[in-house]
Amino acid sequence: MSSTSSTVERAFAAALYADSDAALDTGASLLAADPAADAELARRGEEFVAAAWRRGWQPADVVRIVRRELDDVHVRLVSELVLAEAARDGASRTPRWTAQLDELRGLGAEPGTSRPDRFQYATSALELYRLLLRLPSLEPLDAHVPSAPRAPGGGAAPRDTRMLTRIRALLAKAEATGFPEEAEALSAKAQELMARHSIDEALLAARTHAKDAPGACRIGVDAPYETAKAVLLDAVAGANRCRAVWNEALGFSTVVGFEPDLEAVELLYTSLLVQATAAMTKAEAAQRAGGRKRTKSFRQSFLAAYAHRIGDRLADAAEGQVTATEGEAAAAAGELLPVLAARDVAVTDETERMFPDTVTTRMRGVNDLAGWQEGAAAADRAQVRARPPLRRP
């Protein structure tokens with residue numbers, strides 16, 4: 001064993017398997033005193049990241065849990081390690097995995113860009129490695145490139161990235177504008193495009209006999225008021241023919257569905273959460289101006305009512321879509337409805353395979369009438385619209 005490896009091993013033996021500050025300081029002191037150990041320390045960090053992938057984690061999952069449990073310096077460090085491991089590994093990954101890496105690059109998380117003083121760097125690395133070592137195993141998501149849908153000519157069917165870019169741009173504008181009428185028009189247009197995109201993808205897969213199968217993604221459900229947020233996400237998932245399973249301990253929900261529908265859930269949930277937060281802040285300010293001070297209970301009740309009412313609206317929208325489909329020409333409806341029914345069965349089966357044991361969670365702490373009423377009213381104002389009638393493409 002080289003002296004460099006010996007330094008790292010002694011530091012790990014001192015710090016990684018004990019929770020005391022003294023043990024951490026001992027390990028960090030050993031590393032700080034040996035500059036030659038930096039490369040080995042980084043290499044071992046990449047190994048810890050790769051081990052997390054084998055336990056079912058993905059880049060966004062790891063960064064999210066580090067942000068939740070530690071500090072910004074640890075987030076920068078783990079982001080660098082993730083990108084360094086990806087460059088070294090070179091494995092073909094799914095578009096979703098690749099997009100997570102691209103997002104880290106967009107944040108400037110290139111390897112070697114953040115180096116505080118040596119002792120602080122060693123301390124942060126050891127704190128991070130403690131967390132990575134103790135990550136539990138998760139239900140695996142497919143990280144490798146699946147078989148692509150086939151186009152009629154035999155080639156892979158292209159994904160309509162322009163459509164998704166347009167949807168994201170519309171929702172970003174809806175969230176940023178200060179004019180409710182403009183936000184309504186932008187959000188409604190985005191919802192129409194999401195519906196059309198999902199339907200076209202389903203029909204294309206059926207017509208080309210593509211071996212399309214449900215996938216899954218994880219979406220962060222952050223504190224505070226995470227139960228209400230999980231309920232909101234579940235409602236959005238259900239309306240888009242997906243299923244959501246909440247992991248309260250780790251702060252995320254796993255959403256199971258076909259890829260176009262997963263993309264719609266991510267976009268719509270994020271947009272509705274932004275709308276809910278903005279409406280809650282405004283309503284709370286008005287309540288406090290009137291002399292109320294029970295901020296926490298107001299917010300909890302507000303978001304609970306918002307999630308409950310949005311669920312009702314989305315369910316109505318889904319039922320309206322079925323009714324509209326039944327009114328279409330028989331040939332069009334006869335082609336699409338069996339496709340959607342088969343996809344519903346496939347999503348249910350995949351969810352039960354991934355999560356054979358689930359429990360129902362009750363929402364607690366909802367006891368503020370004003371918060372509930374304001375949340376329900378905000379949900380009624382949120383931009384959710386029934387999908388347009390289905391027509392043959």
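**Whole chain.** Start with everything shown, and keep in mind that the model is predicted. The chain contains 14 helices and three strands. Of its 393 residues, 47% are buried. The accessible surface is about 19500 Å², and carbon and sulfur atoms contribute 53% of it.

**Helices H5 and H6.** Select residues 72–89, which form helix H5, and residues 95–106, which form helix H6. Their axes come within 10 Å of each other and cross at roughly 125°. The crossing of H5 past H6 is left-handed.

Next, show the side chains where the two helices meet. On H5, pick Ser 79, Val 82, Leu 83 and Ala 86; on H6, pick Leu 101, Leu 104 and Arg 105. What kinds of residue make up the contact of H5 with H6? Five are nonpolar, one is polar and one is charged.

**Thr 7.** Move to helix H1, residues 3–15, and select Thr 7 within it. Is Thr 7 buried or exposed? Its relative accessible area is 5%, and buried means under 20%, so Thr 7 is buried. To see what surrounds Thr 7, leave out the neighbours within four places in sequence and select Leu 30, Leu 31, Asp 34 and Ala 37, which are in contact with Thr 7.

Key. Residues are numbered from 1 along each chain as its sequence is written. This is a predicted model: local features need pLDDT of at least 70, side-chain atom pairs count only at pLDDT 80 or more; totals for chains, interfaces and linings use all residues. Side-chain values use heavy atoms; hydrogens and water are left out. Helices (H or I, at least four residues) and strands (E, at least two) are DSSP runs, numbered from the N terminus. Buried means under 20% relative accessible area, exposed over 50%, partly exposed in between (1.4 Å probe, protein chains only). Accessible areas come from the Shrake-Rupley method with a 1.4 Å probe; for residues, only the protein chains shown count as cover. Axes are lines fitted to C-alpha atoms, for helices over the stretch in contact, and angles run from 0 to 180 degrees between N-to-C directions. A crossing is left-handed if the near helix is turned anticlockwise from the far one by less than a right angle, and right-handed if clockwise. Contact means heavy atoms within 4.5 Å. Ala, Val, Leu, Ile, Met, Phe, Trp, Tyr, Cys and Pro count as nonpolar, Asp, Glu, Lys and Arg as charged, and the others, Gly among them, as polar.
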